[in-house]
Amino acid sequence: MTSPLSTVETVRIGASTRSVPSPHGYDTGLLLLRLALGLTMAAHGAQKLFGWFGGPGLDGTGQFFTMSGYPSGRVMAVVAGLSETLGGLGLVVGLLTPLAAAAVVGTMVNALAVKWGGGFFAPKGVEYELLLTAGAAALALTGPGRYAIDRLLPGLRTHRLRYGVVALVLGVVLAGAVLLVRK
C-alpha cells in the first residue's frame, strides 16, 4: 500500500498480488479470432457466389437451397453468399463488427436449421456450424478489439455491449424470417 505522503510502496505480508491482464493480449486474441472466423466465412461465401475453392457456385448452391425447402434457391444463394462473404470480410478488418458478426450468425442459424437432426458430430452433425455461430456471437458482444477499423469510427470507437446485443437480435430475427419461408 502507498501512503499519500510517500512514494515508496509497501507490501503487506500474506497479501496476494494480482497481475493486471494485458489489454494487448485481449486485442491480439480478438484479432486472431476475427481473422480465423472471418476468413473461413468469406471463403464459404466465395464458394457459394463464385464457385471458388471447389464450391458449387450460384447454380449449385441455388439447387441446394431449393432442395432444402427454400423458395427462389438462387436468390437465397446470393443472400447467403453475400452475408458470409461481406460478414466474414467485415470481421477480418474489424469494420462494423457487430453487424458483420450478426450477418454470420444469421446465416449460421439457417445452416443449423438445415443440418439439425444429424447429431452433433461431423460429417452430418452441427458442431462446425455451432462453433462458427458461437464465435461470431462472441465477437458481436465483445467487439473487435483495438486492432480494427471500428477504432477509427467515432460511433464505434468504444464498443458497447448493447451494440452487439441489438445486432445479434437483428441477425436472429432476420434469420427467423428467412426460416419462416422455408417449406
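Glutamate 129 lies in helix α5, where helices (DSSP runs of H or I, at least four residues) are numbered from the N terminus, as strands (runs of E, at least two) would be. The model is a predicted one, in which local features need pLDDT of at least 70 and side-chain atom pairs count only at pLDDT 80 or more, while totals for chains, interfaces and linings use all residues. Residues are numbered from 1 along each chain as its sequence is written, and side-chain values use heavy atoms, with hydrogens and water left out.

At a relative accessibility of 10%, glutamate 129 counts as buried, a term that means under 20% relative accessible area, with exposed set at over 50% and partly exposed in between (1.4 Å probe, protein chains only). Its side chain is joined to that of lysine 115 by a polar contact of 3.2 Å; such a contact is a pair of N or O atoms within 3.5 Å, of which, within protein, one must be able to donate a hydrogen and the other to accept it, and residues adjacent in sequence count only if both atoms are side-chain atoms. When residues up to four places away in sequence are not counted, glutamate 129 touches Met108, Ala111, Leu112 and Lys115, contact here meaning heavy atoms within 4.5 Å. Glutamate 129 and glycine 38 are 91 residues apart in sequence, and their C-alpha atoms are 14 Å apart in space.

At least two residues of the lining come from each of α1 (23–50), α2 (57–67), α3 (73–93), α4 (97–115), α5 (127–142) and α6 (161–180), and α4 gives the most, with eleven residues. By residue class the lining divides into 25 nonpolar, ten polar and four charged, where Ala, Val, Leu, Ile, Met, Phe, Trp, Tyr, Cys and Pro count as nonpolar, Asp, Glu, Lys and Arg as charged, and the others, Gly among them, as polar.

The largest nonpolar core has 15 residues, and those with the most contacts inside it are Leu37, Met41, Leu91, Val104 and Ala136; a nonpolar core is a set of buried Ala, Val, Leu, Ile, Met, Phe, Trp, Tyr and Cys residues joined through side-chain atoms within 4.5 Å. Two or more residues of this core are given by each of α1, α4 and α5. Apart from this core lies another, of seven residues, including Leu58, Phe65, Met76 and Ala77. Alanine 136, with its neighbours within four places in sequence left aside, is in contact with Leu37, Ala101, Val104 and Val105.

Asparagine 110 is placed in helix α4 and, residues up to four places away not being counted, touches Tyr70, Ala175, Val178 and Leu179. Leucine 99 is likewise found in helix α4, and under that sequence limit of four places it touches Ala167 and Leu170. Valine 166 lies in helix α6, and its C-alpha atom is separated by 9.6 Å from that of leucine 141, 25 residues apart along the chain.

The table sets out accessibility for several residues.

| Residue | Relative accessible area | Class |
|---|---|---|
| Asparagine 110 | 10% | buried |
| Leucine 96 | 41% | partly exposed |
| Leucine 99 | 47% | partly exposed |
| Valine 166 | 57% | exposed |

Some backbone features remain to be described. Most residues other than glycine have a negative phi, and most peptide bonds are trans. Leucine 96, in the loop between α3 and α4, has a positive phi of about 50° although it is not a glycine. Serine 72, in the loop between α2 and α3, also has a positive phi of about 50° without being a glycine. The peptide bond from alanine 122 to proline 123 is cis, with omega near 10°, and proline 123 has its place in the loop between α4 and α5.
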